[in-house]
Amino acid sequence: MVLYIVLTVLLLSLSFYELFCNPPAIRKRYLFYSISFILWIVSFLRWDVGTDWDAYLGIYEDCNYITWYEPGFIFLNRIVKNSVDEYTVLLAVLGGVLFLFQTKAIQSLSLFPLTTLFILLGTNLCNIFFVRQSVATAIILYSVIQIEQRNLWKFLLLIAVATSIHAASISFLPAYWIYHRRFTFKQIVLAFTISVVLGSAGGTFIWGGMGDMLGGIYAHKIDGYMEQGADATFNSGMDATTLYIRNIGGKLISLIVFLLLIGDRYKEKTRGMLNLFVFAIIMLPITISVSPSLGRMWTPYVQLQIFLMTYAVSSPRRLSNKMIFFTILVAMTLVRLYMKLFVDYDGEAFLPFETILKFI
């Protein structure tokens, strides 16, 4: 518990310092890189803590015989297994990939990198407890820079690399064409309505057909998610209906916050990221209604909120209003952190925090 208290106090203090004390850019960059480095160290020193720990350790132990996981992920497992044979080294390699791309993405896309790390603490514990999708999502977030610069081939290369680690990363492929489009309110409402209807009436048929069409690892994964069904429990303590409301309701609230708080001077800058965030909200009903796990494919789109939040909190010109918005941000982040630590997975996934040093 000490780790989470220290991280929370440290990142909250640095966020306040960044937003209200106007520190020099070089100092902010130094602090941001230093904290990111520390988070990387913590990410691979952990031991027997985090979601799917046993499953990933099992994959590592049997990686020379496994052929049904993504090739890039298995390749990294085999390289470490057949050279040093230390699982901590594999965590360091995967964490290195994640924090390299995450750091570059945050530095380029966020107005306030330190504040973004604080927000990320609430949304995903700064990715200390990464899984395959976390690593792939970091690469995908970096690909948004290529979308902004209209570098199609670099974008496609990054999607290919991310997909080799987590197959669901291919769902980000439409982002390149969605990002620069202009959508009307009526188009968005109509698309969301259609998604809800299709999810209720024919989601299973749609995704079943998609799996048959794509074949291979996609057919296997989609079939597996569909077998779980929409009534599958989440974290052994949350049924599908509750998850549906929490996911979609939470995203809609976040969207309202962005639309109301992001100032006019940032509207054009954030339009692309808002497009992608809205796209995820539209697609969630047609996936979660089939299986809660299937909705995870939109995680990279949703993760863009860590950048949008910084534009929202930076928008007020008056100090008093900016302080109010910052207070709202802090409250939202702390609530999310509480849910991660004490509600999700029955409060057992991240507590207590243990490191490899305990076993040396």
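Both Tyr-266 and Tyr-311 are buried, where buried means under 20% relative accessible area, exposed over 50% and partly exposed in between (1.4 Å probe, protein chains only). The structure is a predicted model, in which local features need pLDDT of at least 70, side-chain atom pairs count only at pLDDT 80 or more, and totals for chains, interfaces and linings use all residues. Residues are numbered from 1 along each chain as its sequence is written, and side-chain values use heavy atoms, with hydrogens and water left out.

**Aromatic pairs**

A search of the whole structure finds 27 aromatic pairs. Rings of Phe, Tyr and Trp (its six-membered ring) pair if their centres lie within 6.5 Å; planes under 30 degrees apart count as stacked, over 60 as edge-to-face and the rest as tilted. Helices (H or I, at least four residues) and strands (E, at least two) are DSSP runs, numbered from the N terminus. Phe-258 has 0% relative accessibility and counts as buried; Phe-277, at 0%, counts as buried too.

Tyr-266 and Tyr-311 also form an edge-to-face pair, at 5.2 Å centre to centre and 70° between the planes. Tyr-266 is in helix α13 and Tyr-311 in helix α15 (residues 305-314), 45 residues apart, and the pair links these distant parts of the chain. Ring pairs also link a cluster that includes Phe-155, Phe-172, Tyr-176 and Trp-177.

**Charges over rings**

A charge sits over a ring if NZ of Lys or CZ of Arg is within 6 Å of the ring centre and within 35 degrees of the ring normal.

| Charged residue | Ring | Distance from ring centre |
|---|---|---|
| Arg-132 | Phe-73 | 5.7 Å |
| Lys-322 | Phe-20 | 5.8 Å |

**The second largest pocket**

A pocket is an open set of points on a 1 Å grid over the protein atoms alone, where a 1.4 Å probe fits, with protein on both sides within 12 Å along at least five of seven lines; lining residues have an atom within 4 Å of a point. The second largest pocket is lined by 23 residues, and Ile-188, Leu-255, Leu-274, Asn-275 and Val-278 lie nearest its centre. In the lining of this pocket, α13 gives the most, with 9 residues.
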